Amino acid sequence: KDRRTTIEYRFLEAIERHPRCLVPGQQAGAAAAIASAEVVVSYPFTSTTTLALAAKKRAVYYDPRGTIPPNRFDALPGLVTRGYPAFKARMEELLSPGAQQVHERWLSRYFIPDFEPFADGRAVERVRALLDIMLR
């Protein structure tokens with residue numbers, strides 16, 4: 001099947017043309033993209049969304065076809081969206097006025113206690129430091 005006819009490909013093409021969207025090239029690091037983002041969107045369960053949340057950025061997993069089975073991330077309301085209607089509704093929430101304050105309450109209630117107690121955007125640095133110590 002021609003890749004250009006898939007719904008995902010057409011969606012990505014449309015998003016890349018949007019003036020508020022950044023699709024980093026293969027050489028760009030995730031940290032640079034996250035730092036400049038208002039909202040991070042990634043396919044479940046790539047690390048980009050988790051890194052964004054750890055840096056207190058708004059983020060969402062988007063499963064365009066709704067094929068990802070239920071999992072532990074579903075316990076975090078609004079984190080996983082399946083299909084375009086759910087994704088669109090969640091993006092409207094994440095981009096609405098006052099969304100950052102709502103997001104910070106969401107982080108405190110759902111994400112920080114179980115996933116990233118520091119929520120300082122430095123989880124990767126801590127893991128690297130721990131690995132350095134372990135490998136000495």
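## Notes on the predicted model

1. Let me start with arginine 82, which is partly exposed at 27% relative accessibility (buried is under 20% relative accessible area, exposed over 50%, partly exposed in between, with a 1.4 Å probe and protein chains only). Its partner is aspartate 74: the two form a salt bridge whose closest N and O atoms are 2.8 Å apart (a side-chain nitrogen of Lys or Arg within 4 Å of a carboxyl oxygen of Asp or Glu). Aspartate 74 is partly exposed too, with a relative accessible area of 32%.

2. A word on the ground rules. This is a predicted model, in which local features need pLDDT of at least 70 and side-chain atom pairs count only at pLDDT 80 or more, while totals for chains, interfaces and linings use all residues. Residues are numbered from 1 along each chain as its sequence is written, and side-chain values use heavy atoms, leaving out hydrogens and water.

3. Now the overall layout. The protein chain has six helices and three strands (DSSP runs numbered from the N terminus: H or I of at least four residues for helices, E of at least two for strands). Starting at the N terminus, the order is α-α-β-α-β-β-α-α-α. The C-alpha trace spans about 50 × 35 × 30 Å along its principal axes.

4. Of its 136 residues, 29% are buried. The chain exposes about 9200 Å², with carbon and sulfur atoms supplying 57% of that area (Shrake-Rupley method, 1.4 Å probe; for residues, only the protein chains shown count as cover). Among contacts with a separation of 6 or more, 42% are between residues 24 or more positions apart (contact means heavy atoms within 4.5 Å).

5. The salt-bridge count comes to four. One of them joins the side chains of glutamate 38 and arginine 58, at 4.0 Å from N to O. Glutamate 38 sits in the loop between helix H2 (30-36) and strand E1 (39-42), and arginine 58 in strand E2 (residues 58-63), so this pair ties together parts that are 20 residues apart in sequence. Arginine 58 is buried, with a relative accessible area of 9%, whereas glutamate 38 is partly exposed at 37%.

6. Lysine 88 and glutamate 92 make another salt bridge, 3.6 Å from N to O. Both residues belong to helix H4 (residues 84-94) and are four residues apart, about one turn of the helix. Lysine 88 is partly exposed, with 40% relative accessible area, and glutamate 92 is partly exposed at 48%.

7. Which helix does H3 pack against? Helix H3 (residues 47-54) packs with helix H5 (residues 99-114) at an angle of about 110°, their axes being 11 Å apart. That makes H3 roughly perpendicular to H5. Axes here are lines fitted to C-alpha atoms, for helices over the stretch in contact, with angles from 0 to 180 degrees between N-to-C directions; under 35 degrees counts as roughly parallel, over 145 as roughly antiparallel, 65 to 115 as roughly perpendicular and the rest as oblique. On the H3 side, Thr50, Leu53 and Ala54 meet His103, Trp106, Leu107 and Phe111 of H5.

8. Methionine 134 lies in helix H6 (residues 123-135) and counts as exposed at 57% relative accessibility.
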